[in-house]
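Please read the sequence alongside the model shown here.

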Amino acid sequence: EYEFTKRDKEQRKQFLEKILPVLKDAAIDVNFLDEARTKLHPKPGYFWTKNARPIVKTNCSHAGVTIKGSVNPISGEAILETYDKNDRASHFDFVKKFISIKEIAVKSGVVKQVLLIVDNLSVHKVVEVRELISQYPWLNLIFQPTYSPDLNLIEWLWGFLRRKKLNGQSFVDLDELKQKLGVIFR
């Protein structure tokens, strides 16, 4: 883990004091949103060999896929989608899908409020997304403190995905990579 020298410890403390009690409230659906980028070109990962140096075959392409996702740490519910880019349009599309799924739980009375916790990436703050979210009074957007990826629980999912599921694997094209991600997600 990195130790960020620019972290504001007081902001982190205030964030945790705000979020931890909410996690215990069954009427509030807390979700952590983030994105990860994975490429066709593999990372060597962790290997153990008895005699030889490990070799990872590659197609030498740095083309990749952005995975956008949200996870509820209490229920374990994850919403995951793949996109070719990490831009305004893909983020807006993901938030619309997120809202359509969560709206069902709100209308059925299972939850009263949905919190969406995000980092400070610029696509999370675009006007289109804020206007979309403002149309749903049951949905609140919360920004985590800067330099605090460890407070976004979906980062743990991305780490597991990279270390345990994608290390040392090479893919011929983006369709094959997306198919593998679909299998992993299921």
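The crossing of helices α2 and α3 is right-handed, meaning that the near helix is turned clockwise from the far one by less than a right angle. This is a predicted model, in which local features need pLDDT of at least 70 and side-chain atom pairs count only at pLDDT 80 or more, while totals for chains, interfaces and linings use all residues. Residues are numbered from 1 along each chain as its sequence is written, and side-chain values use heavy atoms, with hydrogens and water left out.

Helix α2 covers residues 88-107 and α3 residues 127-134; they pack at an angle of about 15 degrees, with axes 9 Å apart. That angle makes α2 roughly parallel to α3, a label for angles under 35 degrees. Axes here are lines fitted to C-alpha atoms over the stretch in contact, and angles run from 0 to 180 degrees between N-to-C directions.

On the α2 side, the contact (heavy atoms within 4.5 Å) is made by Arg88, His91, Phe92, Val95, Lys96 and Ile99, and on the α3 side by Val127, Glu128, Val129, Leu132 and Ile133. Seven of these residues are nonpolar, one is polar and three are charged. Asp, Glu, Lys and Arg count as charged, Ala, Val, Leu, Ile, Met, Phe, Trp, Tyr, Cys and Pro as nonpolar, and the others, Gly among them, as polar.

The protein has five helices and five strands, taken from DSSP as runs of H or I with at least four residues and of E with at least two. From the N terminus the order is α-β-β-β-α-β-α-β-α-α. Of the 186 residues, 37% are buried, that is, under 20% relative accessible area with a 1.4 Å probe, protein chains only.

Conventions
Angles under 35 degrees count as roughly parallel, over 145 as roughly antiparallel, 65 to 115 as roughly perpendicular and the rest as oblique. Buried means under 20% relative accessible area, exposed over 50%, partly exposed in between (1.4 Å probe, protein chains only).
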